[in-house]
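Me: Can you walk me through this one? I'd like the helices and strands sorted out before I get to the side chains.

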Amino acid sequence: MSAAILVADLHVTLGGREILHGVDLAVEHGDVFGFVGPNGAGKTTTLRTILGLYRPTSGSVRVMGPDAGRDEARRATGFALGRDGLYDAMTAAENIAFYQRLYGGAPARPALDLGPDGRAGDRRSGRRAAR
């Protein structure tokens, strides 16, 4: 079985500065993988390239087989935004559906029920108003 994520000799240059220099990694199906390192080490740039948000200057990035920038690879990936990115007026389910349509993903089915009343999809983004 091939790796779910395969990065080979990845180089990324942004603004005339080489940010990534020869990154290699493989994440097998079912593995849990995380990046740890100091600020400026290239963690975010690597992840953005894997997600197809940046193009490699050279090297290759494959996600579930195809190159990371291809639609098939984008449909096979998902990511959680670090901050802001949820629309307060939308429910969790509506936010997910919005981003799936935006990035061409298949409709999601809930993987688990987060609410004791079974209505997790009916709740707003969860931000609390100032009192």
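This is a predicted model: local features need pLDDT of at least 70, side-chain atom pairs count only at pLDDT 80 or more; totals for chains, interfaces and linings use all residues.

Me: OK, what span should helix H3 have, and what does it have?
Reply: Helix H3 covers residues 92-103, which is twelve residues, so the span should be 16 Å. The C-alpha atoms at its ends are 17 Å apart, which agrees.

Me: What follows H3?
Reply: Gly 104 does, and its phi is positive, near 75 degrees.

Me: Let me back up a bit. How many helices and strands are in the chain?
Reply: Three helices and three strands. Going along the sequence, the pattern reads β-β-α-β-α-α.

Me: How do strands E1 and E2 run, and how many bridges join them?
Reply: They run antiparallel, with eight bridges joining E1 (residues 5-14) to E2 (residues 17-27). Ile 5 stands opposite Val 27 of E2.

Me: And what's in the hairpin between the strands?
Reply: Two residues sit between E1 and E2 there, and Gly 15 takes a positive phi near 60 degrees in that hairpin.

Me: Where is Met 64 found?
Reply: In the loop between strand E3 (58-63) and helix H2 (71-75).

Me: Switching to the surface. Which residues make the nonpolar patch?
Reply: Leu 53, Phe 79, Leu 102 and Tyr 103 make a nonpolar surface patch of about 390 Å². Leu 53 lies in the loop between helix H1 (43-50) and E3. With a relative accessible area of 43%, Leu 53 is partly exposed.

Me: Now aromatics. How many aromatic pairs are there?
Reply: The count comes to two aromatic pairs. In one of them, the rings of Phe 33 and Phe 35 have centres 5.3 Å apart and planes at 85 degrees, so that pair is edge-to-face.

Me: Why edge-to-face?
Reply: Because planes over 60 degrees apart count as edge-to-face, and the planes of Phe 33 and Phe 35 are at 85 degrees.

Me: What about Tyr 87 and Phe 98?
Reply: They form an edge-to-face aromatic pair, 5.5 Å centre to centre with 85 degrees between the planes.

Me: Which parts does the pair tie together?
Reply: Tyr 87 lies in the loop between H2 and H3, and Phe 98 lies in helix H3, so the pair ties together parts that are eleven residues apart in sequence. Tyr 87 counts as partly exposed at 42% relative accessibility, and Phe 98 counts as partly exposed at 24%.

Me: Last one: what percentage of the chain counts as buried?
Reply: Of its 131 residues, 20% count as buried.

Conventions: Residues are numbered from 1 along each chain as its sequence is written. Side-chain values use heavy atoms; hydrogens and water are left out. Two strands pair if DSSP finds at least two bridges between them. Helices (H or I, at least four residues) and strands (E, at least two) are DSSP runs, numbered from the N terminus. The expected span of a helix is 1.5 Å times one less than its number of residues. Patches are made of residues with over 30% relative accessible area and no salt bridge: like charges are joined within 9 Å, nonpolar side chains (Val, Leu, Ile, Met, Phe, Trp, Tyr) within 5 Å. Accessible areas come from the Shrake-Rupley method with a 1.4 Å probe; for residues, only the protein chains shown count as cover. A salt bridge is a side-chain nitrogen of Lys or Arg within 4 Å of a carboxyl oxygen of Asp or Glu. Buried means under 20% relative accessible area, exposed over 50%, partly exposed in between (1.4 Å probe, protein chains only). Rings of Phe, Tyr and Trp (its six-membered ring) pair if their centres lie within 6.5 Å; planes under 30 degrees apart count as stacked, over 60 as edge-to-face and the rest as tilted.
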